[in-house]
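This report describes one chain, starting with its overall make-up and then turning to selected residues. Please keep the sequence and the structure in view while reading.

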Amino acid sequence: MRRTVLIAALIAPLAVGSAVGEAAAAPVVTPLPIPVVTGPEIGPGAVPGGVLQTISVVGTTGEQPGTVTFSVPVPAPYHYQYNYRWITVHWQNLNTGAAGSVDLRHWNGIDVPGDQKYAAALPTSAPVVTGAGPVLVTATHNREQYQAPPQSTAVLPGAGVVLAA
């Protein structure tokens, strides 16, 4: 009898642990099929990379229920003009109607003493509670303007659908 109880006590945690491991799904990374296309970038206030540039945005699901983490998977190398540029990811859950947006930095940051511009303080990824269901996503590129509101410099906004669990 003691032997049976001992074996059950040793096997039960293993069985429960493997069942929990099988129930938890791995995160799913969904790139937006249409990347953000920025432009035109023509000096002296331009960034390296030419007239038209593409910026990829991805949505990662499965880390938390009803949550999508939006990110820029390959940030650009730092250039001082990037301090004035960022991506805004707009989303809407097609099941619930919930909607919102989040701003992301699309370049590698550096610690620059002095006046911190808005874009320099942004993260390159951010989780958003969208709820479960298909989430329609668009992404625009924005540029801060001198003594004027920011404007979108996206020639083509990024777009796609992410399935949130």
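Among contacts in the chain between residues at least 6 apart in sequence, what percentage join residues at least 24 apart? The share is 66%, where contact means heavy atoms within 4.5 Å.

## Basis of the model

The model is predicted: local features need pLDDT of at least 70, side-chain atom pairs count only at pLDDT 80 or more, and totals for chains, interfaces and linings use all residues. Residues are numbered from 1 along each chain as its sequence is written, and side-chain values use heavy atoms, with hydrogens and water left out.

## Chain overview

Read from the N terminus, the order is α-β-β-β-β-β-β-β-β-β-β-β-β.

Of the 165 residues, 35% count as buried. Buried means under 20% relative accessible area, exposed over 50%, and partly exposed in between (1.4 Å probe, protein chains only). The chain exposes about 9,500 Å², of which carbon and sulfur atoms supply 64%; accessible areas come from the Shrake-Rupley method with a 1.4 Å probe, and for residues only the protein chains shown count as cover.

Thr140 lies in strand E9 (residues 133-145). Its relative accessible area is 17%, so Thr140 is buried.

Val129 belongs to strand E8 (residues 125-129). Val129 is exposed because its relative accessible area is 65%. Beyond its neighbours within four places in sequence, Val129 is in contact with Gly66, Thr67 and Trp91. Val129 and Gln64 are 65 residues apart along the chain, and their C-alpha atoms are separated by 8.9 Å.

## Nonpolar patch and Leu156

Ile34, Ile42, Val51, Leu52, Val155 and Leu156 make a nonpolar surface patch of about 540 Å². Patches are made of residues with over 30% relative accessible area and no salt bridge; like charges are joined within 9 Å, and nonpolar side chains (Val, Leu, Ile, Met, Phe, Trp, Tyr) within 5 Å. A salt bridge is a side-chain nitrogen of Lys or Arg within 4 Å of a carboxyl oxygen of Asp or Glu.

Leu156 sits in strand E11 (residues 154-156). At a relative accessible area of 41%, Leu156 is partly exposed.

Technical notes:
Helices (H or I, at least four residues) and strands (E, at least two) are DSSP runs, numbered from the N terminus.
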